[in-house]
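This briefing goes through one protein chain by topic. Please look over the sequence and the structure before reading on.

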Amino acid sequence: TLATPHLSLRLFPNALQLSWPLNSSNWLLQYQTNTFSMGLGTNWLVVPGPVTNPFMAPIYPGAGSVFYRLLQTN
């Protein structure tokens, strides 16, 4: 079994910083918004472009909720 990775979060005034272990490059960051009529489920989208660690996710008040998940793919 794989050990649960240590993930960290930091809240900034207009962003959320996500950090994860550097011991593997096999991470996949996905997201969903609350605009999906069915709620959270199988509609996860891959965060486009190169994803750096740490990752800064902008916060836009009034734009709705965004949900992130980090998957280890190895």
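The protein chain of this predicted model has an average pLDDT (the predictor's confidence in each residue, from 0 to 100) of 78, and 76% of the residues score at least 70. Local features need pLDDT of at least 70, side-chain atom pairs count only at pLDDT 80 or more, and totals for chains, interfaces and linings use all residues. Residues are numbered from 1 along each chain as its sequence is written, and side-chain values use heavy atoms, with hydrogens and water left out.

**Confidence and make-up**
- The chain has 0 helices and 6 strands, where helices (H or I, at least four residues) and strands (E, at least two) are DSSP runs numbered from the N terminus.
- Along the sequence the pattern is β-β-β-β-β-β.
- Confidence is highest in strand S1 (residues 8-12), at a mean of 92, and lowest in strand S6 (residues 66-72), at 82.
- Where pLDDT is low, predicted coordinates should not be read in detail.

**Strand pairing**
- S1 pairs with strand S2 (residues 15-19) in the antiparallel sense over 5 bridges; two strands pair if DSSP finds at least two bridges between them.
- A hairpin of 2 residues joins S1 to S2, and Arg-10 stands opposite Gln-17 in S2.
- An open sheet of 3 strands has the order S4-S3-S6, with antiparallel pairing.
- The edge strands of this sheet are S4 and S6, each pairing on one side only.
- S3 and S4 are joined by 2 bridges, and Gln-30 stands opposite Val-46 in S4.

- Of the 74 residues, 22% count as buried.
- Beyond its neighbours within four places in sequence, Leu-29 is in contact (heavy atoms within 4.5 Å) with residues including Leu-18, Val-47, Phe-55 and Leu-70.
- Residues 24 or more positions apart account for 59% of the chain's contacts with a separation of 6 or more.

**A cis peptide bond**
- The peptide bond from Asn-53 to Pro-54 is cis, with omega near 10 degrees.
- Pro-54 is in the loop between strand S4 (45-46) and strand S5 (55-58).

Notes
Buried means under 20% relative accessible area, exposed over 50%, partly exposed in between (1.4 Å probe, protein chains only).
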